[in-house]
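Below is a briefing on one protein model.

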Amino acid sequence: MFVVALGSVLLDLLLGEPRRGHPLVAFGRYARWLEQRLHRDSRAQGAFAWTLAVMPIVAAAAWLQWRLWSFSPWAGMAWAILALYVALGLRSLGEHGNAVAMALDHGDLSATRAAVGRIVSRDVQALDAQQVAGAATESMLENGSDAVFAALFWGLLLGAPGAVLYRLSNTLDAMWGYRTPRYSRFGWAAARIDDGLNWLPARLVALTYALLGATASGLRCWRRQAPRWKSPNAGPVMAAGAGALRVALGGAAPYHGQWQMRPELGTGAAPDAGSVRRALYLVRAGVALWLLLLALPAASGTWGRG
């Protein structure tokens, strides 16, 4: 497991996301094609569309992993590393976060709004500099869980099929998992399946954030604030992360032309460029901690044989 995790993380840090021919871009086109033909205001139809979109690809990934492992364990491991690399977004997360932080440093509100608009769904033109910093800090914490830790979790637990299952499910949640007239029923399955796949990883991430920051504050905010948050998984992650960073997040945010009141998260100073960078550091330190924990059994086995 350690070799698969380390190999995929190193590939992601060295190469980043594929610039051309990204498999998720092709999958997005396929999902839109399916939606155009299968969309109905029905939960059952949405679940059927989800199954058609995801399960044939997961089955193909599982078949390929079995065939490669049968041929050579090294070939099977290489496939697992490659699949998990494609599912990870650690370097991309850093590039987006640093772009927002640098624009905040320069006081360029237009550039900060443009940069944060690439990673959040709220109406960025209505945000001031502090609100941009808050949105970016929240995104680093939440997307760190979704795009990094949860992908690692499922890739390590189930190999290449797990990484593929998680990333495709998360992509469909981003496309269909909205509470709008078009998707409230059709996208119900995509949203619930993504919630289920993220439930345990999100709580491991919340614990990771708390342990690597102001631990008492992170645990206290997780316990007190997370239950108030609408999302069952984003709540623990962002509350624990905000508490660990001692930064105040949450509050009002504009969506679809209207300001929505959200519960407060964390405690302490208002967000700024530094909080964006510290949130990104928390994600990177968490990945290092996970890799260290995975390395310990392998190292102890090596020492034991010695």
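The points below are grouped by topic.

This is a predicted model, in which local features need pLDDT of at least 70 and side-chain atom pairs count only at pLDDT 80 or more, while totals for chains, interfaces and linings use all residues. Residues are numbered from 1 along each chain as its sequence is written, and side-chain values use heavy atoms, with hydrogens and water left out. Helices (H or I, at least four residues) and strands (E, at least two) are DSSP runs numbered from the N terminus. Buried means under 20% relative accessible area, exposed over 50%, and partly exposed in between (1.4 Å probe, protein chains only).

**Nonpolar core**
- The largest nonpolar core has 83 residues, of which Val-54, Val-116, Leu-172 and Trp-176 touch the most other members; such a core is a set of buried Ala, Val, Leu, Ile, Met, Phe, Trp, Tyr and Cys residues joined through side-chain atoms within 4.5 Å.
- Helix H7 (residues 129–158) supplies the largest share of this core, 15 residues.
- Neighbours within four places in sequence aside, Val-116 is in contact with Val-100, Val-124, Val-132, Ala-135 and Ala-136, where contact means heavy atoms within 4.5 Å.

**Helix H10**
- Ser-217, Gly-218, Cys-221 and Gln-225 are buried in helix H10 (residues 215–225).
- These residues lie on the same side of H10, because they cover an arc of only 100° around the axis; the arc is that of the directions from the helix axis to the C-beta atoms.
- Ala-216 and Arg-223 are exposed on the face of H10 turned away from its buried side.
- Cover for the buried residues of H10 includes H9, H11 and strand S4 (264–266).

**Salt bridges**
- The structure holds 6 salt bridges, each a side-chain nitrogen of Lys or Arg within 4 Å of a carboxyl oxygen of Asp or Glu.
- One of them joins the side chains of Glu-35 and Arg-182 (2.9 Å, N to O).
- Glu-35 lies in helix H2 and Arg-182 in the loop between helix H8 (160–176) and H9, so this pair ties together parts that are 147 residues apart in sequence.
- Glu-35 is buried at 7% relative accessible area, whereas Arg-182 is partly exposed at 38%.
- Asp-105 forms a salt bridge with Arg-277, with the closest N and O atoms 2.5 Å apart.
- Since Asp-105 lies in helix H5 and Arg-277 in helix H12 (residues 273–305), the pair ties together parts that are 172 residues apart in sequence.
- The side chains of Arg-91 and Glu-95 also meet in a salt bridge (3.0 Å, N to O).
- Arg-91 and Glu-95 are 4 residues apart in helix H5 (residues 90–105), so about one helical turn separates them.
- Arg-122, Glu-138 and Arg-262 are linked in a network of salt bridges.

**Single residues**
- Asp-195, in helix H9 (residues 188–212), is buried at 19% relative accessible area.
- Residues up to four places away in sequence not counted, Asp-195 touches Pro-232 and Asn-233.
- Arg-246 has a phi near 55°, a positive value in a residue other than glycine.
- Most residues other than glycine have a negative phi.
- Arg-246 sits in the loop between helix H11 (234–245) and strand S1 (248–250) and is partly exposed at 49% relative accessibility.
- Gly-21, in the loop between H1 and helix H2 (23–38), is exposed at 74% relative accessibility.
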